[in-house]
Amino acid sequence: MSRSGQTTTVRQALRDLAALVARIGVGGIFFANGWAKLEDGLKITGEKFLEQGAPAPGAWATITMLAELIGGALLIAGLAVSVTGLILFAEALAVFVVAPPLNPISLNELILLGAASLLLAVVGAGRISVDHMVVIRRRESEAADEFAADREADNVIASLREPDTTPNPDKSDKPDQSDKPEKASKSGKAGKSEPAPEPAATEDTAPHPRPRSQSGEPKSGDDPAPAPGDTLVAGRKKPPARNRRTTTSD
């Protein structure tokens, strides 16, 4: 972690700690004041508000007691600090305007409590609070909802991109003409790749003399062996040339 990151982390931790101390202090004072009014009773509290010149002292006693008890407890726990701080600030401001305390110390205390409540409402409760836990869970649930929505959208897009596998009856009856050139090209490639068959060996039609039998006599039905000087022509023996007689004149 860099130095700036460490500084930011330390500042955030100190801010959370200060918010915790302020919440406990301000909320504790409000809760203690409300508890004192509850112990004294609404009648005695109403008489005090009547001495301070507040109209309807019984109503003021009830409202301030409930606001201080509930608001102080919420500040200490760190729950709904923004709304609680504004309510307590409004209560302190109303008491200061309508029925200011006769004791200066109580008046100063009222002013400080109102200012601190407003500050907590603006700054927040910090990470050491119930609000922070609620926010974390809310963010996690929102992130889960967004993830589920994104996943559903991806599934819809994927289903739209898939081709229609339903067969078309019009196209099923007719042969696909587009496959013929492909088949022809494939057959041409196959013809080029396969070697041409070798031509068959030509038969030897040249005449050959037949072998004689061991006895030296030709077999019946066989042609006699060609005599020297004979020539075979097209598988037949050429007759010997006739000797021409020369005539001499006497």
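Predicted model: local features only at pLDDT ≥ 70, side-chain atom pairs only at ≥ 80, totals over all residues.
How much of the accessible surface of the chain belongs to carbon and sulfur atoms?

Figure 1. The accessible surface of the chain comes to about 19,800 Å². Carbon and sulfur atoms account for 60% of that surface. Of the 250 residues in the chain, 16% are buried.

**Figure 2. Order of helices and strands.** The chain has seven helices and two strands. Along the sequence they follow the pattern α-α-α-α-α-α-α-β-β. Take the contacts between residues at least 6 apart in sequence: 68% of them join residues at least 24 apart.

**Figure 3. Helix α4 from end to end.** Helix α4 covers residues 104-123, 20 residues in total. At 1.5 Å a residue, α4 should span 28 Å. Its end C-alpha atoms lie 29 Å apart, which agrees with that expectation. Just after α4 comes Gly-124, with a positive phi of about 110 degrees.

**Figure 4. The buried side of α4.** Six names mark this view: Leu-110, Leu-113, Gly-114, Ser-117, Leu-120 and Ala-121 are buried in α4. They cover an arc of only 130 degrees around the axis, so they sit on the same side of α4.

**Figure 5. The opposite face of α4.** This face is turned away from the buried side of α4. Exposed residues here are Pro-104, Ile-105, Leu-112, Leu-119, Val-122 and Val-123.

Note on methods:
Residues numbered from 1 in each chain as written. Heavy atoms only, no water. Helix = DSSP H or I, 4+ residues; strand = E, 2+ residues; numbered from the N terminus. Expected span 1.5 Å × (residues − 1). Buried < 20%, exposed > 50% of the residue type's maximum accessible area, 1.4 Å probe, protein only. Arc of directions from axis to C-beta. Contact = heavy atoms within 4.5 Å. Areas by Shrake-Rupley, 256 points an atom, 1.4 Å probe, with all protein chains shown as cover.
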